[in-house]
Every structure is written in C-alpha cells, then in structure tokens.
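Visitor: I am new here and would like a short tour. May I ask as we go?
Guide: Please do. Here is the structure.

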Amino acid sequence: MIESRRPSPFMRLPRAALAAALLFAAAGAAQALPSFSEVREGHRSSETELLSREGEVLQRQRTDASVRRGDWVALADISPALRTALVLSEDKRFYEHSGVDWTAVSSAAWGNLWNQRTRGASTITMQLAGLLDGDWRQGPGGRSVVQKLGQTVSAQVLDRRWRKDQILEAYLNLVPFRGEIVGIDALSRTLFGKAAHGLDAREAAIAAALVRAPNASPDRVGRRACGVLQSLAPEDAAARDCTAMELLTASVLLRRQWAASEGQAPHLARRLLAEPQSKGQARVRSTLSAPVQRFAVQSLQQQLRELQGRNVEDGAIVVLDNATGEVLAWVGSSGELSQAAEVDGVTAMRQPGSTLKPFLYAQAIAERRLTAASLIEDSSAHIPTQNGLYIPQNYDRRFKGWVSARTALASSLNVPAVRTLVMVTPDAFFSQLQRLGLPLRESGGYHGFSLALGSAEVPLLQLTNAYRALANGGQLTPVRWAAQPTGAGSAAKKSAAPVQAIDARAAFIVGDILSDPMARAPTFGTDSVLATRFWSAVKTGTSKDMRDNWAVGWSQRYTVGVWVGNARGEAMHSVSGTSGAAPVWAAVMGFLHARTPSRAPKAPAGVLQQAVRFGPDASGLPLESARSEWFVAGTQQSLFAMAGSGLPAASASARGTSAASPVRIARPANGTILALDPDIPPDRQRVQLSARPSGTAATQEWQDASLRWRMVSAAPPGAAEPAPKEIGRGAAAAWMPWPGRHRLELVDAKGQVLDSVQVEVRGAGVVASRAGGR
C-alpha cells in the first residue's frame with residue numbers, strides 16, 4: 001500500500017508565490033544581522049589573560065578547548081600583503097560589487113551548464129554572512145536553495161550597513177583557517193610565531209590558500225599558495241618556484257608555536273581562572289604586583305642557577321601585604337629549570353622544619369611557661385614516648401648548655417624547642433597551629449614531640465599567612481588573590497573579621513626575637529644574609545634529610561615566604577637555611593623596601609621592658625650578656641641563673657690541670673660527646689673552641705694570640721699515645737672533628753699545658769682518615 005503524505009505548505013504554493021515566500025524569509029533573517037560593533041565586542045578569545053593590579057598582562061591561559069581563537073585584530077594591524085592576497089584569492093571585485101558579484105554568478109552558472117570547472121561565485125561578504133548567521137552556514141552536502149538565497153540577501157544587507165574595511169576586518173577575524181585555528185591572530189601566532197602585522201608575502205599566500213581549503217593536504221595548500229604568490233608578485237622569479245613554496249608550506253603546517261599558556265604566573269592563573277566568577281571573562285584582574293612578581297621569578301631562578309650541582313631545581317615564593325592579605329607575588333615553581341614545573345610549590349604540602357618554632361615559643365610565652373630570658377638547657381635529652389626514647393639533636397649536632405629562650409629561638413636550637421613542647425604538650429601546640437590556619441593532616445599525638453621540629457606538612461601559602469598573623473599582632477585573616485571590583489555600583493566584598501589566633505603580647509616578643517641579629521649569631525653568625533638594613537623578622541627551616549629549605553619573615557608592610565627543594569622529594573646536597581631559601585628572601589625583601597622604610601612595631605599593652613642579667617656558667621662567666629628584655633607584664637625578673645651556679649661545675653683537679661692556671665677552656669665542656677651530622681659533609685663541620693681567664697678576671701674580655709690548641713687522640717689498646725697535634729691558635733678556634741676519643745689541650749707559647757678536656761666524637765659511616773683533613 002502506498003502511503004499518502006501531506007505536502008508541505010511550500011509545495012502547495014505556486015512557484016512565484018514560493019519564490020516570494022523564500023525571499024521574504026531570507027530578507028527577514030538578513031535584517032537581524034548584527035552591527036559591526038556588536039560583532040567586534042562579542043568576539044571572545046579562547047585565551048584568558050591574567051592581569052596584575054596595575055593592569056599588565058602577567059599570564060595568558062587557554063580556557064576554551066574547542067577552538068583556538070586569538071584577540072580581535074584591527075585591519076590596520078594586519079599585514080597589507082595578506083589583505084591583498086586574500087582579495088586576489090577570494091574576491092577580486094570585492095571593492096566594486098555590492099555584496100554579490102553577479103558577474104561571477106553568471107560565469108558560474110554558465111560553467112555549470114556546460115559542465116565546466118569554474119571559480120566559485122561566493123564573495124567575501126557572502127562568506128562573512130555565513131559566519132555571522134548559522135542558518136546560512138554550509139553543511140556537509142552543500143548549501144540548500146534557501147540558504148543560498150538567504151546568504152545572497154544577507155550579503156547585500158551587510159554591504160549597505162557596513163563599510164568595506166569593516167567587512168574585511170571581521171572576515172579575517174572570524175574565518176576558520178585550519179583545524180581548530182580560527183581568525184588571523186590565532187593563525188599568525190600558531191603557524192608563524194608572530195603577530196598578524198608581520199606576515200610577509202609568502203606567509204600571506206599560505207594564509208590565503210588555507211581560507212579556500214582549510215583541511216587540505218600540505219601539497220595542495222602549497223600549490224595553491226604558489227598561485228596566490230604569483231598573483232601578488234607576477235614579475236618575481238622567486239614566486240614561480242613552487243617547489244620551495246610547497247616545502248615551506250609543509251613545514252609551516254607542522255608548527256604549533258603558540259603555547260597554551262605563557263607568562264609569569266601560571267599557577268595562580270590556573271587557580272584564579274577556575275573560580276566561578278572568572279568564567280567567560282577575557283581578562284581577570286588579580287592582586288599580583290607585576291614588578292614584584294617579575295623580580296621574585298628572576299631572584300628564584302638566579303639562586304637556583306647558583307646552586308647547580310647541589311641537586312636542587314625547584315622553589316616557590318609568596319609575598320603578602322600585611323594590611324590587606326593580598327597576594328603580591330605567587331611563584332609556584334622555577335619554570336624552565338624544573339622537571340616538574342606544573343607542580344605548584346605554593347600549595348604543595350611540605351615539612352616546614354624549624355619554621356614552626358616561633359609559634360611554639362609564642363604559645364609558651366602567652367601561657368607564661370617561658371619568658372624571652374628564661375633559661376632552657378641545650379644538652380642531650382632522652383624523652384620517653386610510647387614508641388621508645390625520643391632523642392632530639394641540633395642542626396650542627398652540638399649543644400650549647402644553658403641558653404635563654406631568645407637565643408634558643410633565634411639560633412634555631414632543636415633541643416630547647418623540644419623541651420618547650422614538653423611543657424606546652426603536642427596536642428595543645430597542634431590546636432595552636434590549627435588556629436593559625438595551618439591545614440595539618442594528622443593529630444598532635446601522631447607527630448609527638450617531633451612536631452616542634454616541623455615533622456608535619458604544611459603549604460607555603462598558609463605558613464606565610466601564619467607569619468603574617470605574627471606581624472599583625474596575632475590576628476589572622478584570609479589571603480586573597482582576586483582583585484575586588486571597584487567603581488560606582490560595585491559591591492566589594494568585605495574583608496573577613498580578624499581572628500585573634502595568638503596572644504598579641506607573645507607575637508610582639510617573638511617578632512622582637514626573630515629581628516635580633518645578635519640572638520641568632522651563635523648559629524648564623526653576625527654577618528648572616530638574614531640581616532637586613534631595615535627592620536625585619538625572619539626564621540629559616542630545613543626538613544629531615546635536607547628535602548625542604550625555608551625562609552619566612554616579615555617587615556612592617558610585607559610578609560615573604562620562600563621554599564627551595566625538589567618537587568620530586570629528593571634530598572639536596574649541602575644546602576642550608578642560609579644558603580638555600582634565605583638569599584631569595586633577602587633579595588625580595590630588599591626589592592620591596594628599596595624606597596619604602598620598615599620600622600619596628602610598637603609594643604602592645606601588657607608588655608614591658610626590663611634590664612636582666614644572667615648567672616655564671618661552669619667556667620664562671622655569665623651565661624649570656626646583660627641586656628634589656630621584653631616581658632609579658634607579671635612575668636618579669638632581673639636575674640636568671642641556675643640554682644647553685646656560683647661555683648664552677650667542674651673543679652680544676654677533675655680536669656687534670658693546675659688550679660693556679662690563669663686560663664680555662666670554656667668550650668667544649670669536659671666529657672662532651674659530639675655526633676657528626678650524616679647530612680652535612682664532614683669537612684664542613686666545626687667545633688668552636690674558646691678559652692677564658694679564670695679567677696677574679698673571669699668577666700673581663702680577654703684575648704691572647706700566644707695560646708695554642710692541641711689535640712691528642714686515644715691510641716688503640718697496647719699502642720703508644722700519639723704525639724699532640726696543633727689544631728688552632730688564640731683564645732678562640734674552630735676544630736674539624738673526626739670519630740674517636742680525644743684530649744684537647746690549651747698550652748702557652750712555652751708548651752706548658754694550661755687546661756685540658758676530654759671529648760668523644762661519634763659518627764657512623766665517617767672514615768677517620770678522610771674526615772680529619774688534619
């Protein structure tokens with residue numbers, strides 16, 4: 001049975017009425033064409049630009065994976081050679097016709113009648129109409145009669161409403177060239193690696209050839225490009241060399257010179273552009289400062305180049321504005337120097353080492369368990385835990401005896417920090433770190449007393465913001481990296497209310513300690529890179545096995561955090577706090593304060609200053625020099641000494657020397673046991689030797705170049721004692737230790753022994769003959 005179908009309304013109309021209906025429909029659609037300004041303003045690049053606070057482009061990031069489209073390019077900024085080549089190739093009478101080339105239409109119709117191959121009749125204006133209105137766009141089977149009619153009418157409407165230069169400009173910005181590449185800006189940057197105004201005649205010919213056959217084979221595109229080039233320069237003999245043109249075309253079509261992302265801040269760009277408020281925007285303004293970001297990137301890369309050969313290739317930097325919490329610099333990696341440049345070191349979880357100590361001492365001071373002048377013993381400690389004995393060691397494996405909390409924190413002594421954590425308890429310290437915004441994964445009980453030495457993992461961003469809280473009197477507010485909208489009618493977000501994460505008085509005292517160059521001198525020396533020409537407070541840190549190196553600190557206006565290490569987690573070689581991250585921190589701080597002063601903060605209410613003095617050590621000298629110290633009101637006192645410290649801890653007879661000797665060995669103490677650090681090359685480790693006058697002159701400054709230091713190593717059983725070996729001169733010297741039992745002697749110019757002490761050096765895996773360097 002034959003199924004009867006109802007004819008369409010158009011089929012029931014007479015041919016004249018049908019033509020009129022089609023023409024009316026096409027005209028109606030043509031009248032809806034947008035204006036030139038609407039098309040230009042509606043153009044969206046497939047890339048989004050990250051702007052600095054000053055409006056400079058810091059990063060370009062591809063955000064549309066479906067197409068590759070660049071910025072809108074004005075006709076005046078497009079190569080004249082390309083404009084000419086396109087008109088010659090696609091529409092020779094472009095400036096003469098009114099949107100439709102009726103001469104070309106007649107030629108095409110006549111050719112079709114006689115089955116002759118002719119050039120198409122579609123003009124640039126007609127093609128643009130098809131790009132602007134999807135109804136007229138050619139499908140897989142070609143255009144229908146309605147589409148052709150609509151395209152013809154739309155082209156004539158466009159020609160009446162738009163100028164010729166506007167039509168050509170819009171066409172070059174909207175036409176697909178090859179694959180995902182749309183528009184002249186994307187074509188120029190992807191295939192030729194240059195801006196559109198820089199295309200020469202051969203490149204223009206290739207671009208024009210791609211318009212006619214975007215996905216044709218390289219050979220076919222090359223042949224057509226050669227024909228276009230001959231039209232551009234008919235008298236140029238080089239233009240007739242089609243073989244060279246085909247080779248050039250083949251190489252060009254293989255290029256992809258326009259990277260998906262380029263600039264100075266790729267990691268922040270990915271984070272910021274992924275946020276909902278950034279979707280669909282061509283440009284997103286951040287809080288980054290372009291000069292600070294560029295300098296931070298440069299400083300990090302320069303430092304890592306200087307550390308070549310020490311197995312360190314990655315780093316990260318964060319710069320925060322103390323008042324607003326705005327991120328002024330976000331450097332997530334060392335870029336081309338890294339084999340893991342995609343890893344964001346600003347947000348990666350790393351062991352912070354000693355950079356957690358300021359928060360521990362601040363908590364102990366706030367809880368009145370310590371003052372900055374309180375004495376803490378820096379000696380071998382065996383702390384019982386559920387898993388056995390915990391035996392903390394200092395970075396240099398040396399102990400300094402009784403020291404003040406100021407010296408212990410500024411000099412980054414590990415054993416006093418662990419003793420302080422014993423007082424505070426790991427769980428309480430864990431809660432304190434959480435209040436400071438540090439996203440710790442495990443509990444305080446999980447880390448135990450190693451939490452004082454930074455065994456937990458934290459991101460650089462949150463750690464730097466916690467230091468910013470110290471700079472702001474203990475008040476914590478979130479950081480932000482997206483610029484807030486400004487201007488009339490904009491509703492800028494209000495800053496989050498600050499949280500008093502740590503006692504303001506304790507934060508001030510800790511800041512004063514970390515800004516004290518003399519307090520850090522026992523470990524870092526008086527000429528450390530940490531000392532700036534303006535007021536600043538800073539702390540370094542190194543994680544276990546030298547996998548992470550940190551320097552975090554603040555000035556009056558800024559807080560800067562720096563991490564150096566390897567994104568893959570490998571250990572560095574001989575990179576310490578002052579040789580790794582600290583030089584970068586100092587350079588960035590110096591740049592920030594090149595023209596901006598930084599003054600010490602004023603003491604908050606409840607803090608007072610008082611003169612203090614310290615009792616004597618075992619040699620009769622004061623444990624530390626008298627000074628003026630800061631206290632939380634109610635905790636101040638003028639004297640800090642150990643009970644019964646009026647007498648030396650070891651008598652002269654116990655040391656095997658005459659009681660009448662005018663000089664004593666102050667350091668090391670008799671019976672000291674030293675352990676070589678396996679992470680530090682043996683030839684880089686030193687033991688400081690110092691001598692002091694004995695008796696009533698014990699407090700006087702004293703120096704005598706006639707003194708000699710000798711060392712006698714214990715002989716194997718049955719062997720004769722070796723001869724003494726001189727290892728230094730003067731009242732102070734540095735000795736390179738090696739494993740074994742030794743007797744250190746202090747002698748005068750005549751060779752008479754003035755004092756001696758017994759020391760033992762331990763170091764597994766260290767060969768004595770090499771470690772001595774004697």
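Guide: First, a term: helix axes are lines fitted to C-alpha atoms over the stretch in contact, and angles run from 0 to 180 degrees between N-to-C directions. One caution too: this is a predicted model.

Visitor: At what angle do helix H15 and helix H17 pack?
Guide: H15 covers residues 357–366 and H17 covers residues 414–424. Their axes lie 10 Å apart. The packing angle is about 45°.

Visitor: Are H15 and H17 oblique or parallel to each other?
Guide: Angles under 35 degrees count as roughly parallel, and 65 to 115 as roughly perpendicular. The angle here is about 45°. H15 and H17 are therefore oblique.

Visitor: Is the crossing of H15 and H17 left-handed or right-handed?
Guide: Look at the contact first. From H15 come Lys357, Leu360, Tyr361, Gln363 and Ala364. They meet Asn414, Pro416, Ala417, Thr420, Leu421 and Val424 in H17. The way H15 passes H17 is left-handed.

Visitor: How do H10 and H11 cross, left-handed or right-handed?
Guide: The axes of H10 (residues 201–212) and H11 come within 8 Å and cross at roughly 125°. That angle makes H10 oblique to H11. H10 passes H11 in a crossing that is right-handed.

Visitor: Which residues of H11 make the contact with H10?
Guide: On the H10 side, the contact includes Ala201, Arg202, Ala205 and Ile206. Ala208, Ala209, Leu210 and Arg212 of H10 also take part. From H11 come Val221, Arg224, Ala225, Val228, Leu229 and Leu232.

Visitor: How many disulfides does a search of the whole structure find?
Guide: A disulfide is a pair of cysteine sulfur atoms within 2.5 Å. Cysteine 226 and cysteine 242 are joined, with S to S at 2.0 Å. The search of the whole structure finds one.

Visitor: Which helices hold cysteine 226 and cysteine 242?
Guide: The torsion about their S-S bond is -75°, and the link is left-handed. The pair ties together parts that are 16 residues apart in sequence, because cysteine 226 lies in helix H11 and cysteine 242 in helix H12.

Visitor: Is cysteine 242 buried or partly exposed?
Guide: Buried means under 20% relative accessible area. Cysteine 226 has 1%, so that residue is buried. Cysteine 242 has 26%, so this residue is partly exposed.

Visitor: Which residue of S26 stands opposite isoleucine 665?
Guide: S26 (residues 687–693) is mostly covered, with five of its seven residues buried. Strand S24 (residues 663–667) pairs with S26 in the antiparallel sense, over four bridges. Opposite isoleucine 665 stands alanine 691.

Visitor: What is the bridge partner of serine 690 in S29?
Guide: S29 covers residues 732–735. S26 and S29 also form four bridges, in the antiparallel sense. The partner of serine 690 is alanine 732.

Visitor: Where is proline 668 found?
Guide: The peptide bond from arginine 667 to proline 668 is cis, with omega near 0°. Proline 668 sits in the loop between S24 and strand S25.

Visitor: Does S25 run parallel or antiparallel to S31?
Guide: S31 (residues 753–762) is mostly covered: seven of its 10 residues are buried. Four bridges join S25 to S31. Threonine 672 stands opposite valine 759 in S31. The two strands run parallel.

Visitor: In the hairpin of S30 and S31, what phi does glycine 751 take?
Guide: S30 (residues 740–747) pairs with S31 in the antiparallel sense over eight bridges. Glycine 740 stands opposite valine 761. The hairpin has five residues between the strands. Glycine 751 takes a positive phi near 90°.

Visitor: Where is asparagine 311, a residue with a positive phi?
Guide: Its phi is near 55°, positive in a residue other than glycine. With a relative accessible area of 27%, asparagine 311 is partly exposed. It lies in the loop between helix H14 and strand S8.

Notes: Residues are numbered from 1 along each chain as its sequence is written. This is a predicted model: local features need pLDDT of at least 70, side-chain atom pairs count only at pLDDT 80 or more; totals for chains, interfaces and linings use all residues. Side-chain values use heavy atoms; hydrogens and water are left out. Buried means under 20% relative accessible area, exposed over 50%, partly exposed in between (1.4 Å probe, protein chains only). Two strands pair if DSSP finds at least two bridges between them. Angles under 35 degrees count as roughly parallel, over 145 as roughly antiparallel, 65 to 115 as roughly perpendicular and the rest as oblique. A crossing is left-handed if the near helix is turned anticlockwise from the far one by less than a right angle, and right-handed if clockwise. Contact means heavy atoms within 4.5 Å.
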